[in-house]
Amino acid sequence: VARHGVPRARLVVAPCGANLTPAVPPPPREPSAGPLRLLFVGVDWERKGGPFAVEVTRALRALGRDARLDVVGCTPPLAAADHTFVEVHGVLSLRASDQSARLERLFAEAHLLLVPTRAECFGIVFAEAGAFALPAVAGAVHAVPSIIEDGVNGLLIAASDTPATVAERIRDLTADADRYAQIATTARARYESRFRWDLFVDRLVAAIDRAPSA
């Protein structure tokens, strides 16, 4: 609209959907019981903010929280000390049933998706987190705020945030069982109402039907 002067009435927004979805959302998690499970999913370690995710996990541990980070999608360079709290799973293909099942388990067992991305056209992984009722902690860049609403279905990381400030927000969220449960419930509800591929198709077909004939 702003750059090309296209009338807003001619535009239809159709959010992408999740490619990995459980038939039913997993049961409520207990973030205060046992280690705090954080999940990073991304192929591009640097662009997706992988080093920042490690620093956040380390900061949580410095706050006295037993935080663990599962990394999927890549095999990043890590310091030897990082392997005490980071587990690298590499690339897990949705086309291989055993790998897909493993990825589903990681989503179901995690307490938060932590992808502090630095650049993102959309971020289907955030839609997938919602499908698993998994609150997401994500960088507030580009299209991400159209999926994650800060304090509603996840947390957004501002450019001014440090690993320490993000760790404090995560600690406070996961220490409040009622607030965490509400955000997790909203994450699933947002997936149901916005981020499904069948809804994308419905919006696309409706837009085509409304388009003027040539």
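About 60 Å³ of space lies in the largest cavity of this protein chain, and the model you are looking at is a predicted one.

**The cavity**
- Lining the largest cavity are Phe126, Ala127, Gly130, Leu134, Ala136, Ile147, Ile148, Asn153, Ala187, Arg190, Tyr191 and Phe195.
- Two elements give two or more residues to this lining, namely helix H3 (124–131) and helix H5 (177–194).
- By class, the cavity lining divides into 9 nonpolar residues, 2 polar and 1 charged.

- The largest pocket is lined by 19 residues, and the closest to its centre are Val41, Gly42, Val43, Val125 and Glu128.
- Helix H2 (97–109) and H3 each supply at least two residues of the pocket lining.
- H3 gives the most to that lining, with 3 residues, and H3 also gives two or more residues to the lining of the largest cavity.

**The overall fold**
- The protein chain has 6 helices and 6 strands, and along the sequence they follow the pattern β-α-β-β-α-β-α-β-β-α-α-α.
- For 214 residues, a compact globule would have a radius of gyration near 17 Å, so the 18 Å of the protein chain agrees with that expectation.
- The C-alpha trace spans about 65 × 40 × 35 Å along its principal axes.
- Of the 214 residues in the protein chain, 45% are buried.
- If you take contacts between residues at least 6 apart in sequence, 64% of them join residues at least 24 apart.

**The cysteines**
- The structure holds 0 disulfides.
- Cys16 is in no disulfide, and the nearest cysteine sulfur, that of Cys121, is 9.8 Å away.
- With a relative accessible area of 23%, Cys16 is partly exposed.
- Cys74 is buried, because its relative accessible area is 9% and the cut-off for buried is under 20%.

**Two residues with positive phi**
- As background, most residues other than glycine have a negative phi.
- Ala133 is a residue other than glycine with a positive phi, near 55°.
- Where is Ala133 found? Ala133 lies in the loop between H3 and strand E5 (136–139).
- Ala133 is buried, with a relative accessible area of 9%.
- His142 also has a positive phi, near 50°, and is likewise a residue other than glycine.
- The loop between E5 and strand E6 (154–157) holds His142.
- Is His142 buried or exposed? At 60% relative accessibility, His142 counts as exposed, because the cut-off for exposed is over 50%.

Conventions
Residues numbered from 1 in each chain as written. Predicted model: local features only at pLDDT ≥ 70, side-chain atom pairs only at ≥ 80, totals over all residues. Heavy atoms only, no water. 1 Å grid on protein atoms, 1.4 Å probe; cavity = no way out; pocket = protein on both sides within 12 Å on 5 of 7 lines; lining within 4 Å. Points joined across faces, edges and corners; volume = space filled by probe spheres on them. Helix = DSSP H or I, 4+ residues; strand = E, 2+ residues; numbered from the N terminus. Nonpolar A, V, L, I, M, F, W, Y, C, P; charged D, E, K, R; others polar. Disulfide = S-S within 2.5 Å. Buried < 20%, exposed > 50% of the residue type's maximum accessible area, 1.4 Å probe, protein only. Rg over C-alpha atoms; globule rule 2.2 N^0.38 Å. Contact = heavy atoms within 4.5 Å.
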